[in-house]
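User: Please take a close look at the aromatic ring pairs in this model. Then set them against the chain as a whole.

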Amino acid sequence: MKKFNLSLVTGALLASSTVFAQVTAITNATVHTMTDKGVLKDATVLIEDGKIIAINPSSVSADVTIDAQDKILTPGFIGSMNQVGLVEVGAVSRSNDGYDKKASAMFDASTAFNPRSSLIPYARKGGLTQNVVVPRGGESIFSGLSFVTDLTGDFESVTATETALIVRLGAKSSGSRAVSLKQLVDKLEGQQKKLAKKDKKEDKKDEPSKEEQVLTKVLKGELPVITKVSRASDILELLKVKKQFGLNLVLWNAEDAPLVKTQISESKTPVILSAVSNLPSDFDSLHASLETAGELEKAGVKVLLAVGSDSSHNVYQLRFDAGIAVANGMSHDGALKAVTSNIADVFGLNAGKVAKGQRADLVLWSADPFEFSTSIESMWINGEKVNTNDSRHDKLRDRYNTPSDMPRAYTK
């Protein structure tokens, strides 16, 4: 008869118990699913092992039950087009890893991402659970490759890399925009020719360069091309390039988009914009308006909302920008999609929806998330409940309000 080591058996049993993850039930919630199911009243959502495992199951067996009391449950909001985690203080170059003079199409700044940045807890306070980080680039038209992070603050926060190629076109401080557009076309044509030659060769063992790998994904439509432009004529030229090469094109900024909204809609090209961009910053953005998001939505364009200007430090205000979009003609559901499911769709994320099998990034709100007075009741990222009251702002408030015999702001 074989002898068993009792300590090994006990250890195995203890280890196996961790396989059975805790089940959390959120009950009596008004769930904005961002799917064809729309809004579900008095709904129950079950979470286990980082995923949504059921919605309105016939029976509920949970380790933790949270009564939402008819409050609003949404997918976690998704920030985009910023450098959260790559920059701490914009004016301090040594705290800025999103820019490099020599940046090119291969520039992947994800290895410089700082999950302990003070900007991350602040972003969570705005209901953000994930973020698409984009580099600022350098002298090239190619700014680099975007990557995706969750906003837990954990060291394994980067969840996806090389999610889009960022290209900056349009007005230049020196030189013509025509040269920049030609550089893009030349790069794509050059890679097309290389691929055609390679297909004809019997020996296909040559390892492509990193840039060639990126451009090949672009030509296959596997990698979105996020192109920052504003003027209507530039947008129309890019739509021609999209058709010529079969690009998965996304327009960014696009203040002039309403002038060519029909063409954008017919080409099925998404647009990323700031809902509060209503003043021209240059001659390319003379048609900037608070009504742009709503106008594009009505034209059938997939709209993604991102915070403009100092987006890294102000991404918290995404929900307020969405509310302004609603106040100026965008539908409430459209604005919710623009900060959740639309972003997830464009960047290929398992997020942005409340559905079985989806990653459990959820926010329970005290009321309408677009209202200024609304607060977060609870937040889950990848199924784990996270703190939304530990930002630098919270710590400063506590420091300055802590009773002490020492001078104000000092504590014992």
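Analyst: A residue counts as buried when its relative accessible area is under 20%. The model is predicted. Gly334 gives a quick example: its relative accessibility is 9%, so Gly334 counts as buried. Gly334 lies in helix H10, which spans residues 332–338. Ala351 is 17 residues from Gly334 along the chain, and their C-alpha atoms are separated by 17 Å.

Now the rings. A pair of aromatic rings is described by the distance of the centres and the angle of the planes. The search of the whole structure finds six aromatic pairs. One of them joins Tyr122 and Tyr316. Their ring centres are 4.7 Å apart and their planes meet at 20°. Planes under 30 degrees apart count as stacked, so this pair is stacked.

Where do Tyr122 and Tyr316 lie? Tyr122 is in helix H2, residues 119–124. Tyr316 is in the loop between helix H8 (311–314) and helix H9 (318–327). The pair therefore ties together parts that are 194 residues apart in sequence. Tyr122 and Tyr316 are both buried.

Tyr316 has another ring partner, Phe320. Here the centres are 5.8 Å apart and the planes are at 75°. Angles over 60 degrees count as edge-to-face, so the pair of Tyr316 and Phe320 is edge-to-face. Phe320 is buried, as is Tyr316. Ring pairs also bring in Phe372: together Tyr122, Tyr316, Phe320 and Phe372 form a cluster.

A ring elsewhere in the list takes a charge. The charged end of Lys228 sits over the ring of Trp252. The distance to the ring centre is 4.6 Å.

Next, the whole chain. The secondary structure comes to 12 helices and 16 strands. For 412 residues, a compact globule would have a radius of gyration near 22 Å. The chain has 24 Å, which agrees. Along the principal axes, the C-alpha atoms fill a box of roughly 70 × 65 × 55 Å.

Burial and contacts complete the picture. Of the 412 residues, 49% are buried. Tyr122 and Tyr316 are among the buried residues. Take the contacts between residues at least 6 apart in sequence: 67% of them join residues at least 24 apart.

Methods:
Residues are numbered from 1 along each chain as its sequence is written. This is a predicted model: local features need pLDDT of at least 70, side-chain atom pairs count only at pLDDT 80 or more; totals for chains, interfaces and linings use all residues. Side-chain values use heavy atoms; hydrogens and water are left out. Rings of Phe, Tyr and Trp (its six-membered ring) pair if their centres lie within 6.5 Å; planes under 30 degrees apart count as stacked, over 60 as edge-to-face and the rest as tilted. Helices (H or I, at least four residues) and strands (E, at least two) are DSSP runs, numbered from the N terminus. Buried means under 20% relative accessible area, exposed over 50%, partly exposed in between (1.4 Å probe, protein chains only). A charge sits over a ring if NZ of Lys or CZ of Arg is within 6 Å of the ring centre and within 35 degrees of the ring normal. The radius of gyration is taken over C-alpha atoms; the globule rule is 2.2 Å times the number of residues to the power 0.38. Contact means heavy atoms within 4.5 Å.
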